[in-house]
Amino acid sequence: MAAGISSEPLDARSEASSDSGWLDVEPDEEHNVIVSLFDSETFSSLDQMLNHCQEHHGFDLATNVRRLQLDFLGAVKMVNFIRGSVKHGRKLPPTISRDDLDDDALLIPVMENDAVLFSLGDVLEEASNEAASTENEQTKDLLARNEALEAELESLQASFVSYRLRVQRTLDQRWGLDENLDFKPDGPSGPVRRKDGGDYYFESYAAHEIHETMLKDQIRTDAYRDFIYGNKDIFKGKTVLDIGCGTGILSMFCAKAGATRVIAVDKSDIIDKARENVFNNELSDIITCLRGAIEDVTLPVDKVDIIVSEWMGYCLLYEAMLPSVLYARDKYLKPDGLLVPSSATLRIAPVEDQEFVTDQISYWRDVYGFDMKAMQEGVYEEVRIESMPRSSICGEPYPFKTFDLHITQKEDLVFTADWASSLTRKVDNIDGFLIWFDIFFGTSRSELPPMPNTTPEEFNAQKPEYVAFTTGPDNTATHWKQGLLLAAPCASPSELPQGVPVSGNVSFSVLEENCRALKIDVSWATADQKSNQSWELK
């Protein structure tokens, strides 16, 4: 028999134990006493203790575990951190941070046999459940946001349907199916605008495609970006007004450059997208978006330091947005304030391009043996928007009009100016004229605009902070392209040698039936010929 093992029957041993008052068998349940984290109160359950801490001491253990994303050991450290602080009379921080729990010594229990430490699994489970509940709430918010965006998409689709209906009505009128509309047939340069030139103009800028085209015009967008970012000292701490803000790109440039406040104004529905773009780029505290024409809105400030705007249209003045900029300049710009851009120059040059004429005009006189001259309607009456090659120009470009935007008045936008050139090569005939513009960004209102003959390249070379660009045929094509004015065929064309001088005048005026359209008149003369002609851009 092995030593140490009793040979007495089990029953006898049990009786002996009972007789002596000792029990070998431990009780089925162990009743733990749970002590409050902040005082000497005791509780029979963890929930009672946690409720006491929350009610009397404003501390929620599960919430703090979830907030700091603590694991089991982290929760142990938090309990010991609190107990240690209370024990030694140290004031707890207003909010416990991970830095407070960084000491591994906190893994040593402050209270012997601390029942809270053995119950932390329940606390972690509760924190996990609350986190899951919060995640569910966030999911609900995202679903609600998704529903709102879907509703907005439906609204945009409805607007697009309305736009298609307007286009269809235009086509109906073209074929005589609707006599009540005030549209005219399209010309070779594109669709004709409404006569009123009012709301339809702003509606056209609600479409995403036109803004995509402008943003992807790197010559245009890079120029604004380079000037604003290259002159942060001018924009830092300033209040900026962005007129016709579109998607908000220029406003965001200004905010990133250090402007304290930017007010972005646009009358078209694109302002809703601008507002969303500003929010998504966390610039809502700087940029305020206002819907309406600049003449109608009420700005939240009396004066601004800078006005930035991309107001240029075809042949510079088409769409007549510049008057709105001049209105805002006179009403809101401080006396020493800056306009961005600051000046613009219009240029004209004679053109000879027989290949273009053959492909675009003569072509209609023999289409598979048929004369389709009806398709030439308006070709010599309407300004065509084309990106012409440099080789089509047959004479020296002439700067016929410069606008210093700090002093230009609305009346200055209707004008007649002289121009003169000389042929740079021999031509059979002058086929027409090409008009384009250059834009200059000066850094001070006190600076005079560049001399008319100054090219953007020459201007850029003057100072590192200067920026300028051209829409002419010598540079990368912009979305403005150039305005091509085709001259009606001369009854008796004569060959013109290189060096022959050509001169005349050019006039810009507003179409009576559409204030946003242009009428351009050009007269020209050589030693043997004199001509004049009018074109419309509408």
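These notebook entries record what I looked up in a predicted model.

**Entry 1. Ground rules**

I number residues from 1 along each chain as its sequence is written, and I use heavy atoms for side-chain values, leaving out hydrogens and water. Because the model is predicted, local features need pLDDT of at least 70 and side-chain atom pairs count only at pLDDT 80 or more, while totals for chains, interfaces and linings use all residues.

**Entry 2. Parallel strands and crossovers**

I took helices (H or I, at least four residues) and strands (E, at least two) as DSSP runs, numbered from the N terminus. I counted two strands as paired if DSSP finds at least two bridges between them.

I began with strand β3 (residues 239-243), which runs parallel to β4 and is joined to β4 by five bridges. Leu-241 has Ile-263 in β4 as its bridge partner. Between these strands the chain passes through α11, and the β-α-β crossover is right-handed. I use that word when, with the strands pointing away from the viewer, the path from the first strand over the helix to the second runs clockwise.

On its way to strand β5 (residues 287-291), β4 repeats the parallel arrangement, again with five bridges. Here I found Ala-264 opposite Cys-289 in β5.

I then turned to strand β6 (residues 304-309) and strand β7 (residues 333-340), which pair in parallel over four bridges. Val-308 is partnered by Val-340 in β7. With helix α13 (residues 322-332) between them, β6 and β7 make a right-handed β-α-β unit.

I call a residue buried under 20% relative accessible area, exposed over 50%, and partly exposed in between (1.4 Å probe, protein chains only). How many residues of strand β4 (residues 261-266) are buried? I found five of the six, so β4 is mostly covered by the cut-off for buried residues.

Helix α11 (residues 249-256) is also mostly covered, with seven of its eight residues buried. The buried residues include Leu-250, Met-252, Phe-253 and Cys-254. After α11 I noted Gly-258, with a positive phi near 110°.

**Entry 3. The antiparallel sheet**

I next looked up an open sheet of four strands, ordered β11-β15-β16-β17, with antiparallel pairing. β11 (415-422) and β17 (530-537) each have a single partner strand and stand at the edges, so one side of each has no neighbour in the sheet. From one strand to the next the twist averages 20°; I took axes as lines fitted to C-alpha atoms, for helices over the stretch in contact, with angles from 0 to 180 degrees between N-to-C directions.

β11 pairs with strand β15 (residues 501-511) through eight bridges in the antiparallel sense. Within this pairing I located Trp-419 opposite Gly-504 in β15.

**Entry 4. Salt bridges**

Side chains of opposite charge can pair when their charged atoms come close. I counted a salt bridge where a side-chain nitrogen of Lys or Arg lies within 4 Å of a carboxyl oxygen of Asp or Glu. My search of the whole structure gave 21 salt bridges.

Which residue forms a salt bridge with Asp-438? I found Arg-347, with the closest N and O atoms 2.5 Å apart. The pair links distant parts of the chain, 91 residues apart: Asp-438 lies in strand β12 (residues 432-441) and Arg-347 in strand β8 (residues 343-351). Both residues are buried.

Arg-390 and Asp-474 also meet in a salt bridge, at 2.5 Å from N to O. They lie 84 residues apart, with Arg-390 in the loop between β9 (384-386) and β10 (398-404) and Asp-474 in the loop between β13 (467-470) and β14 (482-486). Arg-390 is partly exposed at 36% relative accessibility, whereas Asp-474 is exposed at 59%.

In a further pair, Asp-371 and Arg-365 have closest N and O atoms 2.9 Å apart. Asp-371 is partly exposed at 44%, and Arg-365 is partly exposed at 42%. I also recorded a network of salt bridges linking Asp-269, Asp-272, Arg-275 and Arg-291.

**Entry 5. A nonpolar surface patch**

I built patches from residues with over 30% relative accessible area and no salt bridge, joining like charges within 9 Å and nonpolar side chains (Val, Leu, Ile, Met, Phe, Trp, Tyr) within 5 Å. Accessible areas come from the Shrake-Rupley method with a 1.4 Å probe, and for residues only the protein chains shown count as cover.

Tyr-368, Phe-370, Met-372 and Met-375 form one nonpolar patch, with about 520 Å² of accessible area together. Met-372 sits in the loop between α14 (354-360) and β9, and is partly exposed at 32% relative accessibility.
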